[in-house]
Structure formats: structure tokens, C-alpha cells
Amino acid sequence: MTDDDDPAARIAALEAILVEKHLVDPAAVDRIIDQFETAVGPMLGARVIARAWTDAAYRARLLADGRGAAAELGIAGIQAEHLKVVENTATRHNVVACTLCSCYPWAVLGLPPSWYKSPEYRSRIVREPRAVLAELGLALPPEVEIVVWDSSAELRYLVLPERPAGTEGWTEDQLAAVVTRDAMIGVATVRAPATPPPERS
Amino acid sequence: VVVRAAPDGGHTRRPGYTWGKTGTVVAGHGAMVFPDARAERRREPAQYLYTVAFAARELWGADADPAATVHVDLFESYLEAAR
């Protein structure tokens with residue numbers, strides 16, 4: 001195998017062999033792909049965050065038991081087993097990484113962005129988090145404590161960002177619409193537009 | 001606690017940058033399947049998993065960010081009591 005091999009072609013060849021040997025059902029493969037393309041993604045995590053911002057009791061349950069609180073919103077499945085939610089405050093910022101591979105909270109964020117899997121992010125975020133965050137557009141003052149969570153075992157981490165100012169009175173759906181994947185990884189904060197996003201119909 | 005260096009070869013979930021470093025257990029997560037054994041199809045008892053906090057200066061030296069901490073999930077057999 002050479003570095004020039006196209007991964008997509010390799011996967012297609014593998015799938016063809018597995019189907020030919022009746023080891024996998026192509027319909028099942030399509031369903032899993034569809035699941036990750038349409039049903040699972042950062043919108044699930046955003047619902048969790050928006051609920052936590054609007055319901056103090058839910059927030060407390062979420063921080064104590066991520067899996068149970070996600071399940072309350074119907075979110076379960078692969079890698080929802082050990083979900084730990086970590087809370088940003090004015091003095092403490094959390095950011096998630098996986099230095100050994102690319103562990104990521106799939107159940108609430110879907111597939112990881114390619115930069116999350118890059119050797120550069122994985123090696124530098126633990127060594128110089130403040131510089132890496134600044135390069136990604138998040139300049140934190142030196143007095144703000146940074147906590148890096150290296151997902152080295154079975155736990156998966158999700159950051160609960162701070163609710164942005166100016167969102168008082170917004171509905172849960174409007175809040176969920178402004179929560180980004182990057183904020184839930186901890187490489188960004190949530191910013192609110194001057195006017196709330198339109199309600200979903 | 002202090003993180004023991006991993007033996008040569010084999011699968012491990014203890015990041016190299018933690019070897020020999022001293023940290024503080026900040027959470028316990030009960031017993032979990034031990035991946036180092038599972039990866040080699042060895043049947044071993046589950047192990048307690050802990051979240052250990054390391055000051056960036058402990059990991060990277062005096063030039064590191066004084067207000068940065070790295071939390072790593074480590075299995076019981078990786079750890080020994082700090083003196």
C-alpha cells in the first residue's frame with residue numbers, strides 16, 4: 001500500500017469484498033452512513049446546551065450525569081455511554097482533545113472535524129493551549145485558567161459554553177441555533193447576533 | 001499520583017507525556033474494561049479509571065502556562081502513590 005492510495009477507493013473495495021462474502025448487508029451500511037450524515041451531529045449537542053442554559057435543574061443533572069441528561073432529550077447510542085460535560089465560567093475555560101487518536105463525543109457532535117484529528121492540534125493543544133486557541137480565534141486573557149481534557153479512555157467530553165450576553169428571553173430553539181460545534185469542543189465561545197434567529201416552524 | 005512508564009510494545013492508553021509525571025486524582029469512574037489487555041485479547045479484570053489533573057508546568061517545565069491544566073483519564077495500574 002502506498003501513500004497515494006485513495007482511501008475512498010480502498011474503503012469501496014473493502015465494502016465490496018465484505019458484501020460479496022455476505023459479511024455485511026449494504027442496506028445496513030447505508031443506514032449507518034445516513035445516520036451520521038443526517039441524524040447525528042452538532043445540533044444534538046446544541047439542544048443539550050440550550051436546555052442547560054434555560055433550565056437550572058437540567059443543567060445540574062447534565063453536569064452530574066451527562067449520559068442521563070442526554071437521554072432525557074432522546075440522545076443515546078454509540079459513545080453516549082460515558083459522557084462528561086464540563087462547564088466554562090468567566091475564570092475557567094475547557095477544551096477537548098484526544099492526543100492518542102481521535103476520540104470525540106460522536107453521540108452529541110457527530111463526526112469530528114479533520115483538524116481535530118490532525119497531529120498538529122493533538123500535540124499542541126496540550127502543550128500550549130492558550131497559543132493554539134488564539135490561533136483559532138479565541139484570545140483568552142492570561143488569568144483565565146485553561147483546562148484541557150485529553151480523552152484517553154472511554155469518557156467523552158462536551159464543553160458547556162457560557163451563555164452569551166444579550167440572549168435574555170430567547171427560546172430554547174433560538175439559543176440552540178447559535179451554539180456551534182467549535183464552542184462545544186472548546187475552541188470558540190458562543191456569540192449571539194443582535195437579533196435572535198427566527199423560530200423554527 | 002505518579003504515572004508509571006509503559007512497558008515496551010503493546011497497546012496502552014497512557015499518553016507518553018504523562019510518564020513519570022505527578023498529578024492529582026480529581027475523579028473516579030468505577031471499573032472499566034482495561035483496553036491494554038483487550039487490545040491483545042488477554043482476559044484481565046476490569047480496572048478502576050481515574051481522571052488525573054496535571055499542571056502544565058509539571059508536564060512541560062517552567063516555561064509552560066502557569067494557568068493551564070491537563071486532565072487525563074488513567075487506569076489504576078498506570079499509577080502509583082506519589083511520595
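Reply: Let's settle the term before anything else: a salt bridge here is a side-chain nitrogen of Lys or Arg within 4 Å of a carboxyl oxygen of Asp or Glu. Keep in mind that you're looking at a predicted model.

With that in hand, start with A:Glu72 and A:Arg61, which form a salt bridge whose closest N and O atoms are 2.7 Å apart. A:Glu72 belongs to helix α5 (residues 66–72) of chain A and A:Arg61 to helix α4 (residues 56–64), so the link joins distant parts of the chain that are 11 residues apart. How covered up are the two partners? A:Glu72 has 42% relative accessibility, so it counts as partly exposed. A:Arg61 also gets the label partly exposed, because its relative accessible area is 37%.

Now hop to A:Arg51 and A:Glu172. These two form a salt bridge as well, with 2.8 Å between the closest N and O atoms. The pair spans 121 residues, with A:Arg51 in helix α3 (residues 42–54) of chain A and A:Glu172 in helix α10 (residues 172–178) of chain A. A:Arg51 sits at 25% relative accessibility, so it is called partly exposed. A:Glu172 comes in at 28%, which means partly exposed for that residue too.

Next up are A:Arg124 and A:Glu135, whose side chains meet in a salt bridge with 2.7 Å from N to O. A:Arg124 lies in helix α8 (residues 119–127) of chain A and A:Glu135 in helix α9 (residues 129–135) of chain A, so this pair ties together parts that are 11 residues apart in sequence. Are its two ends buried or exposed? A:Arg124 counts as buried, because its relative accessibility is 19% and the cut-off for buried is under 20%. A:Glu135, on the other hand, is exposed, because its relative accessible area is 56% and exposed means over 50%.

There's a bit more to that spot. A:Arg124 and A:Glu135 are part of a network of salt bridges that also takes in A:Glu120 and A:Glu128.

Chain A contains 11 helices and 4 strands, and its C-alpha trace spans about 55 × 40 × 30 Å along the principal axes. Of its 201 residues, 41% count as buried. Chain A exposes about 10,500 Å², with carbon and sulfur atoms supplying 56% of that area.

Among contacts in chain A between residues at least 6 apart in sequence, 67% join residues at least 24 apart.

One last item on charge: how many positive and negative side chains does chain A have? Chain A carries 20 positive and 28 negative ones, and the centres of the two sets lie 5 Å apart.

Definitions and conventions
Residues are numbered from 1 along each chain as its sequence is written. Chains are lettered from A and ligands numbered from 1 in the order in which they are written. This is a predicted model: local features need pLDDT of at least 70, side-chain atom pairs count only at pLDDT 80 or more; totals for chains, interfaces and linings use all residues. Side-chain values use heavy atoms; hydrogens and water are left out. Helices (H or I, at least four residues) and strands (E, at least two) are DSSP runs, numbered from the N terminus. Buried means under 20% relative accessible area, exposed over 50%, partly exposed in between (1.4 Å probe, protein chains only). Contact means heavy atoms within 4.5 Å. Accessible areas come from the Shrake-Rupley method with a 1.4 Å probe; for residues, only the protein chains shown count as cover. Lys and Arg count as positive and Asp and Glu as negative; His and the chain ends are not counted. The place of a charge is taken as NZ of Lys, CZ of Arg, CG of Asp or CD of Glu.
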